[in-house]
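Please keep the sequence and the model in view while reading.

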Amino acid sequence: MTTHHEPTSRPPHQVLDGTDIARVVTRIAHEIVERAKGAEDVVLLGIHTRGVHLARRLHGRLAQITGREIPLGTLDITMYRDDLRLKPARALEHTEIPPGGVDGKLVILVDDVLFSGRTIRAALDALNDIGRPRAVQLAVLVDRGHRELPIRADYVGKNLPTSLREAVQVRLSDSDGVDAVLVGDRDFAARSSQALAPQPSEPHLPE
């Protein structure tokens, strides 16, 4: 008789620590300055929630590199998501556009994880209602693949090949008390409260 065993769930393991994340943010800031020719017309827009934290860190690094204050704002995409009717109601976040606006500017959207691309599509729709940038770029901490839309990041901290059964968890000290990126099986959360269970501020898992 052949016995079939379900595959053992893999607990989350750390792929980036605080030092890695700081190094990534610094590298992306330098890449932005190089590609944007000094970042003179750059506007950073962080996508809630962890994209906002990352955008603020990028803002600080860019100020150190350029000696100038790069306009910084936040973007709430809640009402633009295509899964709005399929999931529980979400609290609206605050969209904040810098005083100079986005018209004619190079807008860099900042998020933590790039997955299917649907979060970024929603962000582009939200941005379209705000103004008309001359160009839009995307900076992400992690690109985990599995795109469902023709969207790619211009600045990537780490390309992280994953399977669809895996979950990528980004923790940032601003909201979670620690900087780390973890990868583990999605169903492990149901079996261990010590793994991918929601924290007090639940990590954003972009779709």
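In the protein chain, 71% of the contacts (heavy atoms within 4.5 Å) with a separation of 6 or more are accounted for by residues 24 or more positions apart. This is a predicted model, in which local features need pLDDT of at least 70 and side-chain atom pairs count only at pLDDT 80 or more, while totals for chains, interfaces and linings use all residues. Residues are numbered from 1 along each chain as its sequence is written, and side-chain values use heavy atoms, with hydrogens and water left out.

The protein chain contains four helices and eight strands; helices (H or I, at least four residues) and strands (E, at least two) are DSSP runs, numbered from the N terminus. Read from the N terminus, the order of the elements is β-α-β-α-β-β-α-β-β-β-α-β.

Of its 207 residues, 48% count as buried, where buried means under 20% relative accessible area, exposed over 50%, and partly exposed in between (1.4 Å probe, protein chains only).

Lys37, in the loop between helix 1 (18-35) and strand 2, has a positive phi of about 55° although it is not a glycine. Lys37 counts as exposed, at 70% relative accessibility. Further along, a cis peptide bond with an omega of about 10° joins His48 and Thr49. Thr49 belongs to the loop between strand 2 (42-47) and helix 2 (50-66). The loop between strand 5 (135-143) and strand 6 (155-159) holds His146, a residue other than glycine whose phi is also positive, near 65°. His146 is partly exposed, its relative accessible area being 30%.
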